[in-house]
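Dear colleague,

Please find below the sequence and structure I am handing over to you. My findings follow directly after.

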Amino acid sequence: MTRLLIVDDQVLIRAGLAALAAAAPGLEVVGQAATGEEAVELAAALRPDVVLMDIRLPGMSGITALQHILDRAPRPKPKIVMLTVFDLDEYVYAALRAGASGFLLKDTPPERLLAAVALIAEGEMLFAPTVTRRLVETFAHQPEARRAQPASLAELTERETDVLHLVGQGLANEQIAQRLVVSIATVKTHLNRIMSKLGLQSRAQAVVVAYESGLLSPGRAGAQRPSRPVVP
């Protein structure tokens, strides 16, 4: 069973999501929260597998709550999916940058929402590569994003850099394995090492790093990567 914590300040949306998830096989709603503060406390107490959380909450924002939840949680850390009204949104980008596993629009049809939660629980990204690139390319090189020091890729091996480059393009593990002519298990091993070396919490966060580090450039997601990563 995938243990789910639902966070939204609107009681009707929160209750509707809870009822939908409770009726779905393989999902167990372990808690509901109306604020970021409540979300942090419940996540620590209940240890859900997935947190479905509104990105804009009164008081403590969804992004701040996300950071506190990930900082306090032991491994394996929960996967956090942000609920938003607009997909091309600087708040969504900030959430992915902070470690969110993905995002869903609030008008997502019920069957797609449930499928997305299941996908996230398995460690995959839930949005199309084109959506990811459009979002990240829009915000990755704006002045605000560049105020923080981009992650250095110097610790990665050549093969790990290859894997990060393909993850940044939105490829799934099976596609990366085919591209590099290795097993899926090998891809997962490389990805785990990348996440550990760079201190990443999610695959989506790895996409952001691929752009902010200069490994991928806006408009050139499918281009061959440089022989060594560009480290600003």
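**Surroundings of Ser 202**

Leaving aside neighbours within four places in sequence, Ser 202 is in contact with Gly 99, Ala 100, Ser 101 and Met 195. Please note that the model is a predicted one. Ser 202 is located in the loop between helix 10 and helix 11. Its relative accessible area is 3%, so Ser 202 is buried. A polar atom of the Ser 202 side chain lies 3.0 Å from the backbone nitrogen of Gln 205.

**Helix 9**

Helix 9 covers residues 173-180, and its buried residues are Asn 173, Ile 176, Ala 177 and Leu 180. Viewed down the helix axis, these buried residues fall within an arc of 100°, and therefore they line one face of helix 9. On the other side of the helix, Gln 178 and Arg 179 are exposed. The packing partners of the buried residues are helix 8 (158-168), helix 10 (184-198) and helix 11 (203-212).

**Confidence**

The chain has a mean pLDDT of 85, with 84% of its residues at 70 or more. Over residues 145-149, however, the pLDDT is below 50, and this stretch has nine contacts in the model beyond near neighbours in sequence. Residues 226-232 also stay under 50 in pLDDT, and the model gives them 17 contacts beyond four places in sequence. Where pLDDT is low, the predicted coordinates should not be read in detail.

With kind regards

Technical notes. Residues are numbered from 1 along each chain as its sequence is written. This is a predicted model: local features need pLDDT of at least 70, side-chain atom pairs count only at pLDDT 80 or more; totals for chains, interfaces and linings use all residues. Side-chain values use heavy atoms; hydrogens and water are left out. Buried means under 20% relative accessible area, exposed over 50%, partly exposed in between (1.4 Å probe, protein chains only). Helices (H or I, at least four residues) and strands (E, at least two) are DSSP runs, numbered from the N terminus. The arc is that of the directions from the helix axis to the C-beta atoms. Contact means heavy atoms within 4.5 Å. pLDDT is the predictor's confidence in each residue, from 0 to 100. A polar contact is a pair of N or O atoms within 3.5 Å; within protein, one must be able to donate a hydrogen and the other to accept it, and residues adjacent in sequence count only if both atoms are side-chain atoms.
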